[in-house]
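Me: I've got a model open and I'd like to know what the labels on it rest on. Can we go through them one at a time?

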Amino acid sequence: MAKEYIDGATAIARGALAAGCDFFAGYPITPATPILLHMLNELPKVGGVGIEAEDEISAIGMCIGAAMTGVRPMTATSGPGISLYSENIGLAIMGETPLVIVDVMRMGPATGGATTPAQGDVQFVRWGTSGGYPVIALAPSSVAECYTLTQRAFDLAERYRTPVFILVDKEMNYAMATVDIDEYVDAPVGQRPLVPQSLPEPAVVDGVRVNAATGQPDPRLRPEETYLPYDFNPVDAVQPTSPFGGPHITRFTTSSHDEHGFLTKDAEKVKRLNDHLRLKILNHRQEMEFGISDLQPEADTLFISYGTTARAMREAVDRSREAGQPVSGLTLHTLWPVPENLILDAVAGHRRIIVAELNHGQYIREIERLVYRDAAQKRILPPEIIGLDRADGELITPEQFLGMVNG
Amino acid sequence: MAVAPIQIEKPRSTYKNERPFPFCPGCGHTLILNHLDKALTKLQIDPAKTVIVSDIGCVGLSDQYFTTNAFHGLHGRSITYATGIKLANPDLNVIVFIGDGGTGIGGTHLINAARRNVGLTVLVFNNFNFGMTGGEHSVTTPHGAITATTRHGNPEWPLDICATVGVNGAGYVYRGTSFDKDLPDRMTEAIEYDGFALLDIWELCTAYFVPNNDFGRKEMLGLVDTLGLETGLLHHRQVTDYAHRMRELAADMAGKPTLPLKPIETAYPNNVTRKFHLVLAGSAGAKVRSAAKLVGYAGVMSDLWVTQRDDYPTTVKTGHSISEIILSPEEIRYTGVAKPDALVLISVDGLKKAGRHLANMTEDDILFTIPQFADAPTKARKVILDPKKAGIRVTRTNLALLLTAAALRELNLFPIDAVEEAVQRFQTRFADQNLPVIAASANLL
């Protein structure tokens, strides 16, 4: 068996390159900087562009602008940088921009501990921009998963035309680990839907021009338009787009817009846009439920964790079973949208749910919401849900998990 | 079904669409945008190869009235989107519409785009106040002027936009007014210009600045003189735009393999039967992490699973440097170390930081250290290594490797040959320095 000895940052950069990433803009920040360095070194080799921007706002701004030319951008930062990304995350949602954002979490608040692992940005990335619209967030829990889930992030960003977060932490990004190279699994990476390059033939039917995206005559087309960039039909379907520099004129706007990309306050059109931004993610949540369910039918207790903390959890699960004590473990790879089926399927049959995370209890809110709602609907008693939290800069240890197997 | 072919395009007589501009009567925006339409028409520019990037404010409405591609983004950030577009596709014509408000909030982007000479055409619609939000003062409001936020007169002095970008390297810089007859020609030049081009175009906000200050065309022209500013073409330098320059500089990288796999085949046996925790505690800048990495590579070559987590201050070259290494016959999940089986204590910085580890260690564990720390507070068995016996010159930067190599010889987790091969394979540049150190470590035992 051939192995490698590398860190998560290298695996993320490799995953990005394997996914066709050809644009990176970032600003140095511990503990995300190794990704910036890799991407700036590597992108010229594949004809891509990497730039150290003047600040985080410009880093994400450059990525969003570049994405509109058809490239696959990525940026990487830490919590303080996500704060500066916030307004532009909203723009990326509104503009339906494929964009991968790596958040290498460090302990907060504010500057916090630059070299201290933490998982305190879990709710922040979900609710970190105005309006409350959904994003996608994935959390690898091993170096090999950093490689695979980065590819998945690009796949989802492209196919759903939306910002996708990769949540790791200082530990995952920096710690050296041994990887069996067979564990580098490539995920399929799709492409944003595109309007055909050539105009349809016939171009006009019964005096009405033909929409290049649908192939159908469409009287709504304006003189300069060959397709309607924001015609959400059906409302949860991802709309084909065309890159700047391609044959079709495309409008992109931060403001509420109609099917042409013109500013509008027409309530019906605004509702359709806002429904689209929500439903194109939420109606497809089942297609992005990733995780590892390691369940034992006789176990009373289910551990749920993600990222670095899931590493300690998986060790604790192994040790508990070796000691003859059954226990189940659920490693979440998808955090947003909440993988409801994955979680409820794992929870079923357990009396105690331990949700472990390196913060003061953030994702447990989602577990509680889901499990209590499910129990209420089924008119059954819900399991006990307990948080295993830590926010002192140290990792949650396997011993902490083991101490909770029996309550 | 009546079917018609695609029509052949005629020369364009305008790049505006049929919708009328929405601006107040007398607003300078209408004049400037009509000048731009003339410039685009003169150039017969391909609208599909052209992107208008608009900032926020009344000017942010403007992109909707042209038949080109359009990008309407956040306040002050138009330059960042435009830079991304231009870097990703240098063949596009990228024209930025920004007001004096956006220039203020996005000042750093403006300066950096000028400094880099990103090939943008930036049109500053400079009407000395925020028109959209009610006539508040901006970075270009003249001293003493009345605005919604300077009711007693503006106590600040205006930003000289042209001087700011000019002194920072912008290739093409022009200052004028919306009334200038030669504006279409200057815009044509600016669009065709290779580097960063900025036109600071002064204009009237008839909703706010004009009535608040009794400010008309004559007063605006007079303001140029009052402020002692030059107008017209201020800079026209020969530059290469940033997108092309960065590609040229990295051209020889093309086609090289990206982050290739570095598979490590098993070449050595090991004596590790359970997880073994080895901690190196020394000073930042003294090659502690580098020594730890060698242990890792050697361990993997010896069919072990290895993890390494490092702790050091952000200053990198001062203070402590602690590397926690786990060597295991099985895959390692948790990378933390609760109690070291062995600790190599290298310096005072390391001693200060390793207190918890030293306290947790028992008689079954081993502390490797130099005579200076013979009294280190721990129950662990101590192996004192005297660098004076090494027979080589021991320095701040080779002590960590010297002691670690000696510890590895004593611990016999895997052959020391594995460490030597790791140096040759993974730290090739330092092989000449490091191999003699590993050899000399035998003299310490």
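Predicted model: local features only at pLDDT ≥ 70, side-chain atom pairs only at ≥ 80, totals over all residues.

Me: What makes helix α1 (residues 8-18) of chain A largely enclosed?

Reply: A residue is buried if 20 or more other C-beta atoms, placed from the backbone, lie within 10 Å of its own, exposed if 12 or fewer, and partly exposed in between. Ten of the eleven residues of α1(A) are buried, so the rest of the structure largely encloses that helix. Among them are Ile12(A), Arg14(A) and Leu17(A).

Me: Why are α1(A) and α2(A) called oblique?

Reply: Their angle is about 40°, with the axes 9 Å apart. Axes are lines fitted to C-alpha atoms, for helices over the stretch in contact, and angles run from 0 to 180 degrees between N-to-C directions. Under 35 degrees is roughly parallel, over 145 roughly antiparallel, 65 to 115 roughly perpendicular, and the rest oblique. The two helices are therefore oblique to each other.

Me: What makes Glu96(A) count as buried?

Reply: Glu96(A) has 21 C-beta neighbours inside 10 Å, so it counts as buried. This residue lies in the loop between α4 (79-94) and β5 of chain A, and its phi is positive, about 55°, although it is not a glycine. Most residues other than glycine have a negative phi.

Me: And Asn117(B), buried or exposed?

Reply: Buried, because 24 other C-beta atoms lie within 10 Å of Asn117(B). Its phi is also positive, near 55°.

Me: How do you know that chain B is more spread out than a compact globule?

Reply: Chain B has 15 helices and 16 strands. Its radius of gyration is 34 Å, well over the 22 Å that the globule rule gives for 445 residues, so chain B is more spread out than a compact globule. The radius is taken over C-alpha atoms, and the rule is 2.2 Å times the number of residues to the power 0.38.

Key. Residues numbered from 1 in each chain as written. Chains lettered and ligands numbered in written order. Helix = DSSP H or I, 4+ residues; strand = E, 2+ residues; numbered from the N terminus.
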